Amino acid sequence: MAQSSKPIVWGPFAAGGTLTAFLTPALMVLTLLAALGYTPDLLAYERLHAFAGSWLAKLALAGTVFLTLWSAAHRLRITCYDLGVRADTLVATLLYSAALAGTAAAALYLSRI
Amino acid sequence: MTGRRVELEVLRYHPETDAAPRFQRYSVDCREEWVVLDALNHVKETLDPTLSYRWSCHMAVCGSCGMMINGEPRLACKSFLRDYQGVIRVEPLAHFPIERDLVTVIDDFMAKLKRVKPYLIPAQARALEQGEYRQTPAELKRYKQFTLCMNCMLCYAACPEYGLIPKFIGPAAISLAHRYNQDSRDGGRAARQEEIAAAEGVWECSFTGACSEVCPEHVDPAAALQQVKIKSTVDWYLAHLMPWLKK
Amino acid sequence: MSRKPYLREETMRWVFRHPRYLRYMAREFSCFFIGGYGLLMVWGLKRLSEGPAAWRSFLEVLQSPASIAFHVLALGFALYHSVTWFKLTPKALPVQVGGEFLPDGIISGAHYAVWAALSLAVLILAGAF
């Protein structure tokens, strides 16, 4: 039996799981504050536009989007199997493609800032 | 000496006469200090000699008497009656085919155990006169916890992924492979990786963690499997992104 | 004596067999909210790239009741993901110092501490207070 290539998909999942564990709750608090009308300074247009204008921030944002979407896609794939959806190849293709498409879209929008 | 009358609901299956398993109720006068295995022995000795189940040591060492007790995989010899109220439901270990009553067919696990080569494959052969393979206490500590597995298979009954994907090599076998991979005297990791780093190996684990919760010896198979995943991932990226490092 | 092994079919009942399986499903269901939040980030970047008016309307949509409900739920699941992730980290990455393994609590605790400090730093730098 051959060794599996699962590390390709599992590596970014593990990295994304770690990143979202450290970062996502704080990000959610920021947008929750904005949702409640107490918009944090960073989410004002000029501040955020200037922030997202730097190359380092663009890279960090694109990386965060990729790892967030990928780890969620991988978990959803496993959950689908747990819930009895047996078309694993189809589910995996759809979900990982969606994560990559989302990342590509984010990169495109970042390039326009 | 105190006692109480315990109601046992035991899954029965006789392949000669039964199309499907059925539950049978027994009322047993039990002593306060008895475990479920004592109650089953009492049933067999006094009420129903046709009841079949595996057991041997009665002291949580042999790993033979694993069964589902109120839906949870447990050793019958380690499950005290006083910890249960009402009817106690006893079934064979989940996810394994039933041979007869509480006896399961364990061929699948035995075959997987063999595949992962759970024995020392010396890194360097030594002649008898060179003496023993020596190891420091720290090197022993690295794998000692994983040596405690007694192949009771409770982890397989607890693992939803094994239930869903019968090909999955599963918690105990992979943990035992990891035990030898972690051994400073061993050189068999590459051979074991062919099995445990394959698609049916560690990658079917979704880290439910149930295996570690039910393990009567606190082997913590879930920990072993995550460590195997990380090491296999590092292997893969090194081999594919930095092939010049390959020996 | 004839052999006729009987295999009981695996159903979805395992989820309800023990609370641990429900906790596991709750952990896995965090992917809907974390993934959804990832998509929200992509959409936010789109609106940001389209100018001040588009960004203003994005903030207005954020203030809708549905968005507030999503945020509250998502935050709950994200916190559950963080707690479970750091709780399990010592299993995946045990640290052996000398002869002994570091206790799980030390490794988890270090992660919780870094998480708290990092979250506070993000909130302060973003001007949330």
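**Chain folds, domains and contacts in the predicted model**

Read from one end of the sequence to the other, chain A follows the pattern α-α-α-α, and its secondary structure comes to four helices and zero strands, where helices (H or I, at least four residues) and strands (E, at least two) are DSSP runs numbered from the N terminus. The radius of gyration of chain A is 17 Å, well over the 13 Å that the globule rule gives for 113 residues, so chain A is more spread out than a compact globule; this radius is taken over C-alpha atoms, and the globule rule is 2.2 Å times the number of residues to the power 0.38. The model is a predicted one, in which local features need pLDDT of at least 70 and side-chain atom pairs count only at pLDDT 80 or more, whereas totals for chains, interfaces and linings use all residues. Residues are numbered from 1 along each chain as its sequence is written, while chains are lettered from A and ligands numbered from 1 in the order in which they are written.

Taken along the principal axes, the C-alpha atoms of chain A fill a box of roughly 55 × 30 × 20 Å. Of its 113 residues, 42% count as buried, a residue being buried if 20 or more other C-beta atoms, placed from the backbone, lie within 10 Å of its own, exposed if 12 or fewer do, and partly exposed in between. Among the contacts in chain A with a separation of 6 or more, 66% are accounted for by residues 24 or more positions apart, two residues being in contact if their C-beta atoms, placed from the backbone, lie within 7 Å.

Within chain A, Ala35(A) belongs to helix α1 (residues 7-35). Ala35(A) is buried, with 23 other C-beta atoms within 10 Å, and, not counting residues up to four places away in sequence, Ala35(A) touches Leu62(C), Gln63(C), Ser67(C), Ile68(C) and His71(C). The C-alpha atoms of Ala35(A) and Ala50(A), which are 15 residues apart along the chain, are separated by 22 Å.

In chain C, helix α4 (residues 104-125) has 22 residues and reaches 32 Å from its first C-alpha to its last, close to the 32 Å expected at 1.5 Å a residue, the expected span being 1.5 Å times one less than the number of residues. Just after α4(C), Gly127(C) takes a positive phi of about 70°. Between chains C and B, 20 residues of chain C are in contact with 28 residues of chain B. On the chain C side, the elements that give two or more residues are α1 (19-49) and α3 (65-92), and the residues of this side divide into eight nonpolar, five polar and seven charged, with Ala, Val, Leu, Ile, Met, Phe, Trp, Tyr, Cys and Pro counted as nonpolar, Asp, Glu, Lys and Arg as charged, and the others, Gly among them, as polar.

Chain B contains nine helices and seven strands, and its C-alpha trace spans about 70 × 40 × 30 Å along the principal axes. Of the 247 residues of chain B, 43% count as buried, and among contacts in chain B between residues at least 6 apart in sequence, 65% join residues at least 24 apart. Chain B is divided into domain 1 (3-104) and domain 2 (107-245), with bounds that come from an automatic or database domain assignment. The centres of these two domains, taken over C-alpha atoms, are separated by 31 Å, and 14 residues of domain 1 are in contact with twelve residues of domain 2. On the side of domain 1 that touches domain 2, β3 (66-69) and β4 (72-75) are the elements that give two or more residues, and the largest share, four residues, comes from β4(B).
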